[in-house]
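Keep the viewer open as you read.

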Amino acid sequence: MEATGTDEVEKIKSKFMSAWHNMKYSWVLKTKTYFSRNSPVFLLGKCYHFKTDESGELSGDGSNFDKIPTEISGNVEEFRKDFISRIWLTYREEFPQIKGSALTTDCGWGCTLRTGQMLLAQGLMLHFLGRAWVWPDALDIDNSDAESWTAHTVKKLTASFEASLTAEREPKILSNHRRPPVKRNCDDSERRNEVYHRKIISWFGDSPLAAFGLHQLIEYGKKSGKIAGDWYGPAVVAHILRKAVEEARDPELQGVTVYVAQDCTVYSSDVIDRQCSFMDSGKADTKAVIILVPVRLGGERTNTDYLEFVKGILSLEYCVGIIGGRPKQSYYFAGFQDDSLIYMDPHYCQSFVDVSIKDFPLESFHCPSPKKMSFKKMDPSCTIGFYCRTVQDFEKASEEITKMLKSSSKEKYPLFTFVKGHSRDYDFAPSPLHEEHDLFSEDEKKRLKRFSTEEFVLL
């Protein structure tokens, strides 16, 4: 009887926490973002111009789009379509319980894992869909969604409160009606792209079986001393993503590998070895590589001398974004305008979506509105990501980025370097591709422990 009473208390507590999370993390889409008409906007290597003869600013939530002249509207819509097409991964609640804990939500602690997921998702989108791909239904997401989602949260809070008082198992809430997607006549190429679009999102589903879902990432994080509910930094997440890709068993993912720079150094031969490593399918083709470089852009505060380099990185089409943020909050940086960074914010609590069902809803995986933040407010700890399809692409990228690093270093040490040869040639132990009993080598564990103490705390 006592156990039953305790269970009921835990259920009520869980419902109140769910309601609180929805109130606390539901206002992120409410604020408007403004873009200048007089400066170009960069988004993951693509440049957009909104310039007109009239002065003024554009609202990022679409509220001013109808007032823009026709010749400008086209480019604004292209930018909106491109931005909305990026995969947005946020806090979720009511997903299957995380192994070894009672948690069914990552609200308040999982933001860096989410921004890491977004970066990896962009790399997979480049791999399977290409940079030119945009979601055909991107502009069908209502501009009023930010308002309707917040209103839905208030309903959910009320319903959760009522349910806890009446001991109902599930709160009854009004459905959050969305405009049904427009039926389109798709050719074979569009159908193939939509299959991959859904497949990529499904790999990040919040279930134990999803290759890059929160449950799997937390399992890999345990090998570095992290557990569900802990705070994760950008460098630790980079290593967790590498392990997740290495351990993925989906045949589609055998053609992709991840390399994490060691102590701000990319060892070219180690990268090429990964690209040329044995593929389970038996194909002789080389693997594409996603290169992750954990760096610090200063001491306690970000050094503004690095602004031009960060802007240069986000101007490259093979850049897959930056896992970063401001102190105590992690964001996924994907572009910039002037001295402001454009980002997607994971601090928005949404309900669990079962991605295993056919035609699962896609809307909650695409952000309707970009956000901006001054570079000066950025936390110095971050992880930069690049995607290279072939060895030749990697060699070209390393040359291009090296020139950029040299021009931005101003006689100081560059943020990171590309070095010919293997890490073992410089007295570093190579990172094994697969380890049977322990996913992290002793060398990696020491490095991860150091990253854990250096990085900012995420709340």
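F50 and F79 are both buried, meaning under 20% relative accessible area, where over 50% is exposed and in between is partly exposed (1.4 Å probe, protein chains only). Keep in mind that this is a predicted model: local features need pLDDT of at least 70, side-chain atom pairs count only at pLDDT 80 or more, and totals for chains, interfaces and linings use all residues. Residues are numbered from 1 along each chain as its sequence is written, and side-chain values use heavy atoms, with hydrogens and water left out.

The structure holds 20 aromatic pairs; Phe, Tyr and Trp rings (for Trp, the six-membered one) pair if their centres lie within 6.5 Å, and planes under 30 degrees apart count as stacked, over 60 as edge-to-face and the rest as tilted. F50 and F79 make an edge-to-face pair, at 5.8 Å centre to centre with 65° between the planes. F50 lies in the loop between β3 (46-48) and β4 (57-59) and F79 in helix α2 (residues 70-85), so the pair ties together parts 29 residues apart in sequence.

Next, find Y267 and Y426, a tilted pair at 5.5 Å centre to centre and 45° between the planes. Y267 is in strand β7 (residues 265-267) and Y426 in the loop between β15 (417-419) and α11 (442-454), 159 residues apart. Helices (H or I, at least four residues) and strands (E, at least two) are DSSP runs, numbered from the N terminus. Y267 is buried at 4% relative accessible area, while Y426 is partly exposed at 40%.

There's also one aromatic cluster formed by F309, Y318, F386, F394, F416 and F418.
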